[in-house]
Amino acid sequence: MENILEVKNLTKKFKLNKKQMAERKTSNNYLTAVDDLSFELKKGEIYGLLGPNGAGKTTTLRMLATILTPTSGTIKVDGLELEKNASELRKKIGFLTSELKLDEFFTPSYTFDFFASLYSLDEETKNKRKEELFKSFEINEFKDTKISNLSTGMKQKVSLAISLVHDPELIIFDEPTNGLDIITSKVVEDYLLNLRKQGKAIIISTHIFSLVEKLCDRVSIIIKGKKMLEGDLKEITKEKCLEDVFFDLYDETQGE
């Protein structure tokens, strides 16, 4: 199956001020958040970025979603360079981050309609997508409730629906089940598996081993911005569980 995403030698550096340098006890005025990262993603595949907090996972996803510009390296979506074709390729990308802040004054229904208009969906397509997504994420009962009155789990499900409003081909999720109860997590996990069956390409970042084991076809373990290991999940866990594989690698990086 063909690649929809190709990432080559991706690097992102952030400039540090004097206070940040002092806090980090370093004389280097740049922080390398992502360090020469390369990987590919095929259609109909779920790819996991596994690593601790601060590993560079979110920074990577923000570059894939065109929110951040890489310091160096290339990203291609459907064979086109992302940086040079950002406006066109954003239509193919869905991005969910825990930092997505919904306007709490509005309802899920109004918010969905607003985002649908940003993607210029016609009325028929918008209504069809709303019906499908609100049913899948069990939002209908709360569609006319102010977002401020929704539970954390329901807000997350509304965010998921909004990120998928335009039926994207490449779906990027940053910690998709973070902070969710077990019932809501199961709904989200099942929907991601359904998207894979539809031929969607999905990349998720997480620090949760069980989520990777349930969902991912392939995984990269990232520590301190560097890819330490990549491969088919079944191959990686042939002799050890994923948690043991991760901590073996993690222990090797300590003191570097």
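Let's start in helix H7, where Thr 184, Ser 185, Val 187, Val 188, Glu 189, Tyr 191, Leu 192 and Leu 195 are buried, meaning under 20% relative accessible area with a 1.4 Å probe and protein chains only. This is a predicted model, in which local features need pLDDT of at least 70 and side-chain atom pairs count only at pLDDT 80 or more, while totals for chains, interfaces and linings use all residues. Residues are numbered from 1 along each chain as its sequence is written, and side-chain values use heavy atoms, with hydrogens and water left out.

An α-helix has 3.6 residues a turn, so residues three or four places apart point the same way. As for what the buried residues of H7 pack against, the list is strand E3 (46-50), helix H5 (123-136), helix H6 (152-163), strand E7 (170-174), strand E8 (201-206) and helix H8 (209-215). Helices here are DSSP runs of H or I with at least four residues, strands are runs of E with at least two, and both are numbered from the N terminus.

Just after H7, Gly 199 takes a positive phi of about 95 degrees.

Follow the chain on to E8. Six of the six residues of this strand are buried, so E8 is largely enclosed by the rest of the structure. Ala 201, Ile 203 and Ser 205 point one way, while Ile 202, Ile 204 and Thr 206 point the other way.

Which strands sit beside E8? E3 pairs with E8 in the parallel sense over five bridges, and Tyr 47 stands opposite Ile 203. E7 and E8 also pair in the parallel sense over five bridges, with Ile 171 as the bridge partner of Ile 202. Pairing takes at least two DSSP bridges between two strands.

Now zoom out. The chain has 10 helices and 10 strands. Its C-alpha atoms fill a box of roughly 55 × 45 × 40 Å, taken along the principal axes. Buried residues make up 45% of the 256 residues in the chain.

Methods
Buried means under 20% relative accessible area, exposed over 50%, partly exposed in between (1.4 Å probe, protein chains only). Contact means heavy atoms within 4.5 Å.
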